[in-house]
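Here are my notes on this one, in the order I jotted them down. Have the model open while you read.

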Amino acid sequence: MAAEWAGPTLAVVGIYIALVALVGGLAWRRLKVNTEDFWVASRRLGFLVTFLSISATYHSAFAVLTSTAVSATTGVAWWVGSFAWTTVAALVVWLIGPRMWHLGRKHGYITLADMIADFYESRSLRVLVAIIMAVFVVPYVTVQAIAYGLILDIGSGGLIPYEVGALALSLVTVAYVILGGQRASSWIDVLQGIWMYAVVWAVAILVTFVAVGGPGPLIDRILETKPDLLTVAGTGFSAPLALFSLVLLFGLALPITMQHLQMKLYAARDPPTIKWSSVATAIYLSSIYIPAIFTGLTVAYLIGTGAFPSMATITAQYGTSDAALPLLAVQYAPAILVGVLFAGALAAAMSTQDNFLMATAVVVTHDIYRKTFRPDANERFVVNSGRLVMIGLAFLGWFFAILRPGLILDLVALSVAGVLQFVPAVFCIVFPAKRVWLTKTGIFVGIVIGEIVTLVTLFGPRIGVPIEVNPFTLHAGVWGLIANFVAAFVISLFTPSPSPETVERIHGYLEKQLYGGKTGPERPASGPVTAADGGSDQG
Amino acid sequence: MQAVSTVQRSHLLPRRRVTAILVAWIFFIYLMGQWPGWQIANHVEPRILGLPFIFVWATAWWGALLATMIIAAWKVWK
């Protein structure tokens, strides 16, 4: 017999998917089949779309599901830590976003590899960055497919098996993004961003009051039973170096080196749009974690009373403790709100999945195929090839999801650790200095060493390497970054820098745009770069 | 070998006094709201609005950061 919440849940999820299809259809009607429009929406997205798109894309299923599971074991430390990396992410968008926007518009960049390859004058660096980007995206895509499966499985009371739900919603996501590209993804992000934010708060307030009587009584009872959850332990997740790692991973690397978010910076209409989006993003990204504290503490309290299954039981049954919030909702919220919650969690997952599919497709078709092998490739062919890549990647994510690889947080951290290694290359481009300290050889070797150190530090113990995972609580990706930076710096001392012409074309342009006034006409928003624009032929 | 560019001063260094002050203030906020600042507020009592003191402490610094960002976007870094 189906659970009582299954009918309303599936009805609300159906309405949500219909809305997504409607918005996707509207975006499809506006689409021009060329790479500039398909990948970066002709660089014309305004404040509301940019803000909610960055926010919804940044927060995946991780924000809705994992945050409750983690705060059930870490308590208020989750809030203390998460406000750091979410606000740092917004500040990084503010600081670096307009710089990337200026360079993207001037030189026609669509991807991160475009910018890196242009500045360091290296085709091999483009391929390296593109391959790493494509590989490390897979865990993130997998995470969203896991969320799809879990949500539909629990939400339908077992009527829709995990594997079927994961596949069906992966296909829904890929459908609207291959039809409408960046515009569809960003417009739907607006719907998803509003939905997930509202529902996370609504469910937390309701569940806390229904299950325990409100935040005050909840804190009273936690104080009696698990007082450690009301302070910051300073060990494990909340150890200073562990939190510092998360700030580097999710605050620094995620917004500027993950292709899916970085493309949003190119797609914005102008720098003030990015600036105000950053301010609004800081509020959104952080405050969505506040309700997670209360749902997490509610879970912790109920586990103590025996009224809720333990985390070990949940993990044994569903393959991950991320199922805690859906289970809490079905136990204490009215059926219709359970449906709204599940649709909200789907919104969080879809709003990230769609952008990752697009980002990977652009990396494969634009960076690897077009820029490396076929510069004269037809625009329509490149866009259609990208659509095929998205379908393939969606299936790949689903395949790994049915293997149930574990806690979403670990997978997300692995993904971001991989792209964290691009930070030195990006900083050297977007923060001009009197000297260019890093060279293409230095950057190339640094990235390779950084990735090796990251993987060895993370997986070494499993293959017998005598090293602990994340030594001294510093994440493997950060150890990789340290090794990366040292190697890049030392090798750059002995290898040739980018040519003075390129340095002037990029650093000189940024200097004049940011501090010295305009120097020439901007190229048209959706037109090709021409010699008259003073643009490069790298775009 | 490092190329020398025509950039007169690193973009990582503030060029205006108000920028330097804002950057220092934002660092201070993180030092207080995060490690090591949270160590001086890492207790449940006194509870404010029924919430643990450390929770309110972190939220207050978060609010200060948001206010700083809004003022900076509106009045300083136009």
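1. Setting aside neighbours within four places in sequence, A:Leu325 touches A:Val64, A:Thr68, A:Thr295 and A:Leu341 (contact being heavy atoms within 4.5 Å). A:Leu325 sits in helix 15 of chain A, residues 324-332; helices here are DSSP runs of H or I, at least four residues, and strands are runs of E, at least two, numbered from the N terminus.

2. A:Leu325 counts as buried because its relative accessibility is 4% (buried is under 20% relative accessible area, exposed over 50%, partly exposed in between, with a 1.4 Å probe and protein chains only).

3. A word on the basis: this is a predicted model, where local features need pLDDT of at least 70 and side-chain atom pairs count only at pLDDT 80 or more, while totals for chains, interfaces and linings use all residues. Residues are numbered from 1 along each chain as written, chains are lettered from A and ligands numbered from 1 in written order, and side-chain values use heavy atoms, without hydrogens and water.

4. On to the interface: 56 residues of chain A contact 42 of chain B. In chain A, A:Trp79, A:Phe83 and A:Lys434 lose the most area to chain B, together 14% of what that side buries (buried area is the accessible area, 1.4 Å probe, that two parts lose on being put together, summed over both). The total is about 4,200 Å², with carbon and sulfur atoms giving 69%.

5. The rule finds two salt bridges across the interface of chain A and chain B (a side-chain nitrogen of Lys or Arg within 4 Å of a carboxyl oxygen of Asp or Glu). B:Arg15 pairs with A:Glu511 in a salt bridge, closest N and O atoms 3.1 Å apart.
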